[in-house]
Amino acid sequence: MKMTVLATTCEKTNCPTVYKTDRGTIIVQGETPTDHGLTIPAHETLVEIPIGLIREAFGGQLSA
(Lines give C-alpha, C1' and ligand atoms only; values in the text may rest on other atoms or scores of the structure.)
Protein backbone atom coordinates (compact mmCIF):
# COMPACT_ATOMS: atom_id res chain seq x y z
CA MET A 1 0.00 0.00 0.00
CA LYS A 2 1.28 3.48 -0.87
CA MET A 3 0.46 6.24 1.63
CA THR A 4 0.75 10.00 1.10
CA VAL A 5 0.71 12.50 3.97
CA LEU A 6 -2.24 14.89 3.68
CA ALA A 7 -1.59 16.71 6.96
CA THR A 8 0.45 16.31 10.13
CA THR A 9 1.00 18.21 13.37
CA CYS A 10 4.82 18.06 13.23
CA GLU A 11 7.85 17.07 11.19
CA LYS A 12 8.45 13.82 13.10
CA THR A 13 6.81 10.45 12.42
CA ASN A 14 5.22 10.07 15.87
CA CYS A 15 2.60 12.83 15.63
CA PRO A 16 -1.07 12.79 14.64
CA THR A 17 -1.16 12.47 10.85
CA VAL A 18 -3.75 11.95 8.10
CA TYR A 19 -2.71 9.81 5.13
CA LYS A 20 -4.33 9.09 1.75
CA THR A 21 -3.76 5.60 0.33
CA ASP A 22 -3.61 4.27 -3.20
CA ARG A 23 -6.59 2.09 -2.22
CA GLY A 24 -8.90 5.11 -2.10
CA THR A 25 -8.93 5.17 1.72
CA ILE A 26 -7.77 7.45 4.53
CA ILE A 27 -5.55 6.31 7.41
CA VAL A 28 -5.16 8.32 10.59
CA GLN A 29 -2.37 8.16 13.13
CA GLY A 30 -3.08 9.39 16.62
CA GLU A 31 -3.62 8.56 20.27
CA THR A 32 -5.73 5.54 21.24
CA PRO A 33 -8.36 6.79 23.70
CA THR A 34 -9.28 4.52 26.61
CA ASP A 35 -12.09 6.47 28.25
CA HIS A 36 -14.68 6.26 25.45
CA GLY A 37 -17.08 3.72 27.04
CA LEU A 38 -17.78 2.02 23.70
CA THR A 39 -17.64 -1.65 22.78
CA ILE A 40 -15.27 -1.90 19.82
CA PRO A 41 -14.79 -5.17 17.87
CA ALA A 42 -11.34 -6.75 18.30
CA HIS A 43 -10.43 -6.05 14.66
CA GLU A 44 -11.15 -2.30 14.99
CA THR A 45 -9.80 0.57 17.06
CA LEU A 46 -10.50 4.22 17.75
CA VAL A 47 -7.93 6.92 17.04
CA GLU A 48 -8.14 10.45 18.40
CA ILE A 49 -6.60 13.31 16.43
CA PRO A 50 -6.97 17.10 16.64
CA ILE A 51 -9.92 18.54 14.65
CA GLY A 52 -7.53 21.15 13.25
CA LEU A 53 -5.60 18.34 11.57
CA ILE A 54 -8.79 17.12 9.84
CA ARG A 55 -9.52 20.68 8.68
CA GLU A 56 -5.97 21.01 7.33
CA ALA A 57 -6.20 17.66 5.52
CA PHE A 58 -9.59 18.30 3.93
CA GLY A 59 -9.64 22.08 3.65
CA GLY A 60 -12.99 23.82 3.32
CA GLN A 61 -14.85 20.53 2.87
CA LEU A 62 -15.70 20.50 6.60
CA SER A 63 -17.69 23.13 8.46
CA ALA A 64 -17.06 24.13 12.07
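**Disulfide, nonpolar core and overall layout of the predicted chain**

The torsion about the S-S bond that links Cys10 and Cys15 is about 90 degrees, so the disulfide is right-handed. The model in which this bond is described is a predicted one, and the structure holds 1 disulfide, formed by Cys10 and Cys15 with their sulfur atoms 1.7 Å apart. The two partners fall into separate classes of accessibility: Cys10 has a relative accessible area of 22% and is partly exposed, whereas Cys15, with a relative accessible area of 13%, is buried. Because the limit for a buried residue is set at under 20% relative accessible area, the value of 13% places Cys15 among the buried residues, while the value of 22% leaves Cys10 in the partly exposed class.

With regard to secondary structure, the protein chain has 1 helix and 3 strands, and these elements follow one another from the N terminus in the order β-β-β-α. When contacts between residues at least 6 apart in sequence are considered, 24% of them join residues at least 24 apart.

The largest nonpolar core has 6 residues, namely Ala7, Val18, Ile49, Leu53, Ile54 and Ala57. Helix 1, which spans residues 51–58, supplies the largest share of this core, with 3 residues. For Ile49, a member of the core, the contacts that remain once residues up to four places away in sequence are set aside are with Pro16, Val18, Val28, Gln29, Gly30 and Ile54; among these partners, Val18 and Ile54 also belong to the core.

Two further positions were examined individually. Met3 lies in strand 1, which covers residues 3–8, and at 39% relative accessibility this residue counts as partly exposed. Leaving aside residues up to four places away in sequence, Met3 touches Tyr19, Lys20, Thr21 and Ile27. Between Met3 and Gly37, which are 34 residues apart along the chain, the separation of the C-alpha atoms is 31 Å. Leu38, by contrast, is placed in the loop between strand 3 (26–29) and helix 1, and with a relative accessible area of 51% this residue is exposed. The C-alpha atoms of Leu38 and Pro16 are 22 Å apart in space, and the two residues are 22 residues apart in sequence; Pro16 is also one of the residues touched by Ile49.

Conventions:
Residues are numbered from 1 along each chain as its sequence is written. This is a predicted model: local features need pLDDT of at least 70, side-chain atom pairs count only at pLDDT 80 or more; totals for chains, interfaces and linings use all residues. Side-chain values use heavy atoms; hydrogens and water are left out. A disulfide is a pair of cysteine sulfur atoms within 2.5 Å. Buried means under 20% relative accessible area, exposed over 50%, partly exposed in between (1.4 Å probe, protein chains only). A nonpolar core is a set of buried Ala, Val, Leu, Ile, Met, Phe, Trp, Tyr and Cys residues joined through side-chain atoms within 4.5 Å. Helices (H or I, at least four residues) and strands (E, at least two) are DSSP runs, numbered from the N terminus. Contact means heavy atoms within 4.5 Å.
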